[in-house]
Amino acid sequence: MHRAIVAAAAVVTLTATLVACGGSDGDSDKAGPTKDTGSSGAAEPGGEHSPDAVASSAGSLVGKLGDTLALEGSPTNLDTTGTVRADFTLKKYVDRAQAAVDYFKAPAGKRLVAAEFTIVSTGTGTYRGGYNGAKAIDSTGQGYIGKPGSPTVGESLDIPLILVPGKRATGWVIFDVPEDAKITAVTYQIDANGVDEDRTGRWNLG
């Protein structure tokens, strides 16, 4: 819950561009297997979905719920020395999520959806990212960028998210989407402020 409160304070001071300095190194665990073996692929209360099993898709830019996609940052990234690489796993997706703090509820005419990621920094440079690297994509191709805040099912990714090589983090990203939108995919762009689609992973839902 404390992360949701921190996010509430951060949204007042942050612009849409993620602040890429300060913060923590994320979870203290060293990099290891990024698999998360879900027990069921069926919908859970609140529209939550988790994978039947996690199949590694490292080297591919497209996968399904539960897959791990290996992404590499732009070589022109000036925020760090070394090469930024990270393994991204979409662990769970909730179609109708609830915000842990009222401030982050979806506005009228929209609903909240949420995606849980595990991110492992595998390069030689420090990875800096967060909620604004993620998007929920609807059936028309329209994307909805992530926003700060935690859902009731878990805590959000750190704000800002900073992972030195070998570190990992797990957390949720929430999105405001139109009430009648059919969300068909979730994407994550390793360079959140870039435009290079080759550096974006996509997980197809359903």
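What does the protein average in pLDDT, and what percentage of the residues score at least 70? The protein averages a pLDDT (the predictor's confidence in each residue, from 0 to 100) of 78, and 67% of the residues score at least 70. This is a predicted model, in which local features need pLDDT of at least 70 and side-chain atom pairs count only at pLDDT 80 or more, while totals for chains, interfaces and linings use all residues. Residues are numbered from 1 along each chain as its sequence is written, and side-chain values use heavy atoms, with hydrogens and water left out.

**Confidence**
- Residues 1-45 have a pLDDT below 50, and this stretch has 94 contacts in the model beyond near neighbours in sequence, a contact meaning heavy atoms within 4.5 Å.
- Over residues 52-58 the pLDDT is also below 50, with 18 contacts beyond near neighbours in sequence.
- Where pLDDT is low, the predicted coordinates should not be read in detail.

**Overall architecture**
- The protein contains 1 helix and 13 strands, where helices (H or I, at least four residues) and strands (E, at least two) are DSSP runs numbered from the N terminus.
- Of the 206 residues, 49% count as buried, that is, under 20% relative accessible area, with exposed meaning over 50% and partly exposed in between (1.4 Å probe, protein chains only).
- Among contacts between residues at least 6 apart in sequence, 70% join residues at least 24 apart.

**The loop between β9 and β10**
- Val-153 lies in the loop between β9 (143-145) and β10 (161-163), and Val-153 counts as partly exposed because its relative accessibility is 40%.
- Although Val-153 and Ala-100 are 53 residues apart in sequence, their C-alpha atoms are 8.3 Å apart in space.
- Pro-160 is found in the loop between β9 and β10, and a cis peptide bond, with omega of about -10 degrees, joins Ile-159 and Pro-160.
- Most peptide bonds are trans.

**The cavity**
- A search of the whole structure finds 1 cavity of 30 Å³ or more, a cavity being a set of points on a 1 Å grid over the protein atoms alone where a 1.4 Å probe fits but cannot get out.
- The largest cavity holds about 40 Å³ of space, the volume being that filled by probe spheres set on the points, which are joined across faces, edges and corners.
- Its lining residues (with an atom within 4 Å of a point) are Tyr-131, Lys-147, Pro-148, Gly-149, Ser-156, Leu-157, Ile-159 and Trp-172.

Terms used:
On a 1 Å grid over the protein atoms alone, a cavity is a set of points where a 1.4 Å probe fits but cannot get out, and a pocket is an open set with protein on both sides within 12 Å along at least five of seven lines; lining residues have an atom within 4 Å of a point.
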